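Come along and check each entry against the picture.

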Amino acid sequence: MAFDGQDDYLRLVSRSDSLRLGTGDFTVTAWFQHSATTGAQPIIWGYGMGSGVQQFWLRAEPGNGTLRAAIDTGTAFADVRTTSSYNDGQWHHAVFKRQAGRLLLSVDGGQEFGAAAPAGDITPSAQFSVHIGARPDFPNQPAGLTELFRGGLDDVRIFGRALTAQEAAQVKGGALDVADEQERVRLGFSSIW
């Protein structure tokens with residue numbers, strides 16, 4: 001799916017338990033491509049935003065030269081980042097997960113970057129949304145701030161457990177039968193040009 005960086009985004013609105021990542025391990029995967037050189041490019045952003053608010057997110061930060069992922073339990077925050085924002089206009093596959101007290105992020109099956117992950121629930125008890133291609137505050141972002149993805153996103157998936165490296169490679173390869181019992185979201189886009 002192509003996002004124009006101006007007003008394109010997808011929002012999943014739910015109070016369904018299937019979208020609650022809670023206190024356990026999880027995995028988020030997505031194909032992305034962009035060529036931005038500044039700003040932040042949200043790929044997926046779950047729940048809320050701001051300091052001390054339960055959330056998870058994955059975004060490219062070309063101004064800082066990183067791809068960055070984070071979680072917040074409301075009382076503790078952790079993030080992990082790569083050494084590139086992958087803004088070469090090519091397609092890349094990101095895998096972001098919380099596993100056994102660690103926050104892990106890798107791209108294209110390469111180096112896994114890690115940080116300590118706080119224990120605790122990252123899902124609010126009230127109604128929530130999961131945004132693809134935008135921060136949760138769009139279209140009401142502060143004047144002068146536009147954090148919307150500009151580029152392509154595809155095959156966005158959320159799993160309710162940490163995938164193994166082999167399973168992540170299968171997802172990257174397009175397999176549709178990986179961790180079926182724990183797959184919470186699968187957004188495989190297709191378009192006719």
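The entries below go through the sheet, a hairpin, the salt bridges, a pocket and a few single residues.

**Entry 1: ground rules**

I am working with a predicted model, where local features need pLDDT of at least 70 and side-chain atom pairs count only at pLDDT 80 or more, while totals for chains, interfaces and linings use all residues. Residues are numbered from 1 along each chain as its sequence is written, and side-chain values use heavy atoms, with hydrogens and water left out.

**Entry 2: the open sheet**

I looked up the strand order first. An open sheet of 6 strands runs β2-β11-β4-β5-β6-β7, with antiparallel pairing. Strands here are DSSP runs of E with at least two residues, helices are runs of H or I with at least four, and both are numbered from the N terminus. Two strands pair if DSSP finds at least two bridges between them.

Which strands stand at the edges? They are β2 (10-14) and β7 (77-81); each has a single partner strand, so one side of each is left without a neighbour in the sheet. From one strand to the next, the twist averages 15°; the axes behind this angle are lines fitted to C-alpha atoms, and angles run from 0 to 180 degrees between N-to-C directions.

Strands β4 (residues 41-47) and β5 (residues 55-61) run antiparallel and are joined by 6 bridges. I found I44 opposite L58 in β5.

Next I followed β8. Of its 8 residues, 7 are buried, so β8 is largely enclosed by the rest of the structure. Buried means under 20% relative accessible area, exposed means over 50%, and partly exposed is in between (1.4 Å probe, protein chains only).

β8 is joined to strand β3 (residues 26-33) by 7 bridges, and the two run antiparallel. In that pairing, W31 has H93 of β8 as its bridge partner. β8 is also joined to β9, by 6 bridges and again antiparallel, with R98 partnered by L103 in β9.

β8 and β9 form a hairpin with 2 residues between them. A100 in the turn has a positive phi of about 50°, although A100 is not a glycine. With a relative accessible area of 65%, A100 is exposed.

I found another positive phi at Y86, near 55°, and Y86 is not a glycine either. Y86 lies in the loop between β7 and β8 and counts as buried, at 18% relative accessibility. I noted these angles because most residues other than glycine have a negative phi.

**Entry 3: salt bridges**

How many salt bridges does the structure hold? I have 14 in my notes. A salt bridge here is a side-chain nitrogen of Lys or Arg within 4 Å of a carboxyl oxygen of Asp or Glu.

The side chains of E147 and R135 meet in one of them, at 3.4 Å from N to O. Both residues sit in the loop between β11 (128-132) and β12 (150-159), 12 residues apart. Are they buried or exposed? Both E147 and R135 are buried.

R157 forms a salt bridge with E183, with the closest N and O atoms 3.7 Å apart. This pair links distant parts of the chain, as R157 is in strand β12 and E183 is in strand β13 (residues 183-187), 26 residues apart. R157 is buried, at 0% relative accessibility.

E183 also forms a salt bridge with R186, where the closest N and O atoms are 2.9 Å apart. R186 is partly exposed, with a relative accessible area of 35%. Elsewhere in my list, salt bridges that share partners join R59, E61, R68, D79, R81, R135, D137 and E147 into one network.

**Entry 4: the largest pocket**

The largest pocket holds about 190 Å³ of space. A pocket is an open set of points on a 1 Å grid over the protein atoms alone, where a 1.4 Å probe fits, with protein on both sides within 12 Å along at least five of seven lines; lining residues have an atom within 4 Å of a point. Its volume is the space filled by probe spheres set on the points, which are joined across faces, edges and corners.

Of the 13 lining residues, V95, S106, G109, A165 and A168 are the closest to the centre of the pocket. α1 gives the most to the lining, with 4 residues.
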